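Please look at the sequence and the structure before reading each solution.

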Amino acid sequence: MANLKEVRNRITSVTSTQQITKAMKMVSAAKLKRATNAIIQLRPYAEKLREILANVSASVEGGISPYTMDRKPNKVLVVVIASNRGLAGAFNANAIKTANQLITERYSEQLQAGNVRIIAIGKRVQDYYLKRKYQVVGDHNDLFTALDFENASKIADVIMKGFADGEYDKVDLVYNRFKNAAVQILTTEQLLPLLPGSVKSGKPKAEVDYIIEPSKEEIIEGLIPKAIKVQLYKAILDSHASEHGARMTAMDKATDNAGELLKSLKLSYNQARQAAITTELTEIVSGAAALSNG
């Protein structure tokens, strides 16, 4: 049986931890609300943009943009989006696991040839791949300190330039898509090449008669870079909302676990205290009996 001082110290420690996890849960809940609003507002715009791109480009011949060139994927870039921080359950680990599975199953030959590069958005992901000697492109961890479309577009510009210059033949995204606070769906998407004629809006196809000026070709040339940037930004916002949802859920579970542990520790404390009192009473009775017999 642990002594009373040890149990008291553990109760104090667990109580302090429970207060921290409860505070972190409340902070994540507030951040989750803002992050959820951001992704909910962007999704309709992103879907409509892809729908317009699909409808307009259906009647345009290929080769209208360097970002639609479908090449043999000899050189591959994988963009892995996670977090700068931990304490979010398996959020970061699952993104890394999914990216590793993608690379192993789909790009094993390119990996052996040294033709797989990583853009890690999130310090946890970046540290993981740097330690394992992967070719990590750039440092984009500051994005989460000022997460907006302009800063996300800078990363998209780097990716598009690399693709247009032939540094990469294919670019894939790996991220957690936000469903709700408790559910994040690990998602793998092709970012480049973007094949406009095959873009799916998620809605039944309908004939739309657009009035286009100055021409379809010029409109498509402007829409494609915008669509790529919006797709990347949407993935980052999805991951950002998922991170706060995962952290809120993890801290809620940690708070509940701390409460259960406190119950167990208080029971142990009471048992130890009762045992100590019983021992003292026994010693007193034994002493009194010895005196009376003497």
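**Exercise 1.** Work out which pattern the chain follows along the sequence.

*Solution.* Read along the sequence, the pattern is α-β-α-α-β-α-β-α-β-β-α. This comes to 6 helices and 5 strands, where helices (H or I, at least four residues) and strands (E, at least two) are DSSP runs numbered from the N terminus. The model is predicted, so local features need pLDDT of at least 70 and side-chain atom pairs pLDDT 80 or more, while totals for chains, interfaces and linings use all residues. Residues are numbered from 1 along each chain as its sequence is written, and side-chain values use heavy atoms, with hydrogens and water left out.

**Exercise 2.** Find which residues have the most contacts inside the largest nonpolar core, and which element supplies its largest share.

*Solution.* Begin with burial (under 20% relative accessible area, 1.4 Å probe, protein chains only), which applies to 40% of the 294 residues. A nonpolar core joins buried Ala, Val, Leu, Ile, Met, Phe, Trp, Tyr and Cys residues through side-chain atoms within 4.5 Å. The largest such core has 43 residues, and Val79, Ile121, Ile159, Leu192 and Leu232 have the most contacts inside it. Among the elements that each supply at least two of its residues are α1 (4-57), β1 (76-81) and α6 (216-293); the largest share, 13 residues, comes from α6.

**Exercise 3.** Determine what Leu192 is in contact with, leaving aside neighbours within four places in sequence.

*Solution.* With contact taken as heavy atoms within 4.5 Å, the partners of Leu192 include Tyr67, Ile159, Phe163 and Ile228.

Notes: Buried < 20%, exposed > 50% of the residue type's maximum accessible area, 1.4 Å probe, protein only.
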